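Look over the sequence and model before reading on.

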Amino acid sequence: MHIGNYLGAVRNWVDLLDDYDGFYCIVDLHAITVQYDPRDLEQRVLDLAVGLLASGLDPERCTLFVQSSVPEHTELQWLLGTVTPLGELQRMTQFKDKSRDAESVNAGLLTYPVLQAADILLYLGERVPVGEDQRQHLELTREIARRWNARFGQVFPEPQPLILPHGKRILGLDGATKMSKSQGNTIPLLAEPDELHSLVRTAVTDPARVRKDDPGNPHVCNVFALHGHFSSSAERDDIEILCQTAGIGCVDCKNRLADNLAETLAPVRERARELADRPERVRQILAAGTASARSVARETIAEVRQRMGLSTSPS
Ligand code: AMP
């Protein structure tokens with residue numbers, strides 16, 4: 001996880017814990033649609049679970065599990081695929097982006113949004129806390145639900161996006177593109193203070209500010225934007241004026257940001273350390289999540305199979 005995931009998504013999910021009966025799954029089946037090393041996958045899943053739990057996604061107040069541990073996801077994906085128009089899948093912006101420069105395109109990349117629809121509809125999801133980048137896929141999920149309901153009878157609600165109050169796009173260290181692993185511009189959520197300092201030192205600031213004596217424009221500077229998330233409003237106001245009057249240089253401004261990042265995220269790092277030392281505990285939490293997710297998933301699949309005229313579920 002990086003601080004873009006944390007600020008744009010996970011921190012907001014934590015705020016929803018009391019108001020929704022939430023299902024959060026680590027989507028390992030989606031992860032394998034791109035190049036990956038099978039030897040790392042289990043560890044990556046565990047690391048993500050640690051990051052989510054350490055960020056406050058309390059497993060007592062939501063269902064947290066791994067997608068592939070609930071086989072009903074792939075079963076429902078197949079069943080929904082039979083009512084999904086091929087043209088709609090080919091029109092998905094993310095598919096077009098991911099397949100444009102690829103040497104070969106696997107079918108999983110194309111059917112990715114059908115699996116997403118299954119992830120949501122399996123739990124009869126009504127609200128999905130998505131970022132802007134996933135809106136199109138959620139619209140397709142609604143379309144799939146409508147088509148399936150029209151053909152086989154009303155089962156699935158049409159899930160609506162849940163607009164997150166703090167779901168803004170966080171820019172990466174390059175100050176230009178969305179913070180993302182594939183761009184190599186991230187600040188890892190669990191980075192130690194030293195690493196935070198050396199990463200923030202590389203962050204791009206106001207390009208017009210060449211020398212320390214030049215006044216800067218904080219409103220075009222991503223370091224200043226990040227201060228907005230990790231520094232007090234008094235310090236932010238102070239830095240705004242100091243930057244505009246060349247009273248503070250970018251190096252000092254970055255050091256302050258790195259200090260505040262380290263301090264704000266210290267409790268998350270601490271919880272993550274404790275959890276990483278107890279992988280068995282993390283596996284137990286995920287297993288409990290799987291059990292409760294599966295009990296809902298089985299009921300949905302039984303209903304779907306019956307409506308579609310298939311023999312009843314074997315298990
Ligand atoms: P990803 O890692 O791209 O699968 O994203 C996981 C979640 O984090 C999604 O809800 C994204 O919308 C959110 N997210 C990822 N990167 C950012 C970013 N740079 N700014 C804000 N939200 C983000």
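Predicted model: local features only at pLDDT ≥ 70, side-chain atom pairs only at ≥ 80, totals over all residues.

A salt bridge here is a side-chain nitrogen of Lys or Arg within 4 Å of a carboxyl oxygen of Asp or Glu. Residues are numbered from 1 along each chain as its sequence is written, and side-chain values use heavy atoms, with hydrogens and water left out.

**Domains**
- Domain 1 covers 3-167 + 279-307, and domain 2 covers 190-274; the bounds come from an automatic or database domain assignment.
- Their centres, taken over C-alpha atoms, are 34 Å apart.

**Interface**
- Seven residues of domain 1 are in contact with eight residues of domain 2 (heavy atoms within 4.5 Å).
- About 650 Å² is buried between domain 1 and domain 2, and carbon and sulfur atoms give 78% of that area. Buried area is the accessible area (1.4 Å probe) that two parts lose on being put together, summed over both.
- Ile-3, Leu-7 and Ala-54 supply 62% of the area that domain 1 buries against domain 2, more than any other three residues.
- On the side of domain 1 that touches domain 2, helix 1 (3-16) and helix 3 (38-54) are the elements that give two or more residues. Helices (H or I, at least four residues) are DSSP runs, numbered from the N terminus.

**Salt bridges**
- The whole structure holds 19 salt bridges.
- One of them joins the side chains of Arg-294 and Glu-72, at 3.1 Å from N to O.
- That pair links distant parts of the chain: Arg-294 lies in helix 14 (residues 279-307) and Glu-72 in helix 4 (residues 72-81), 222 residues apart.

**Aromatic pairs**
- The count comes to five aromatic pairs. Rings of Phe, Tyr and Trp (its six-membered ring) pair if their centres lie within 6.5 Å.
- Phe-23, Phe-65 and Tyr-123 are linked into a cluster by ring pairs.

Technical notes. Phe/Tyr/Trp six-rings, centres within 6.5 Å; stacked < 30°, edge-to-face > 60°.
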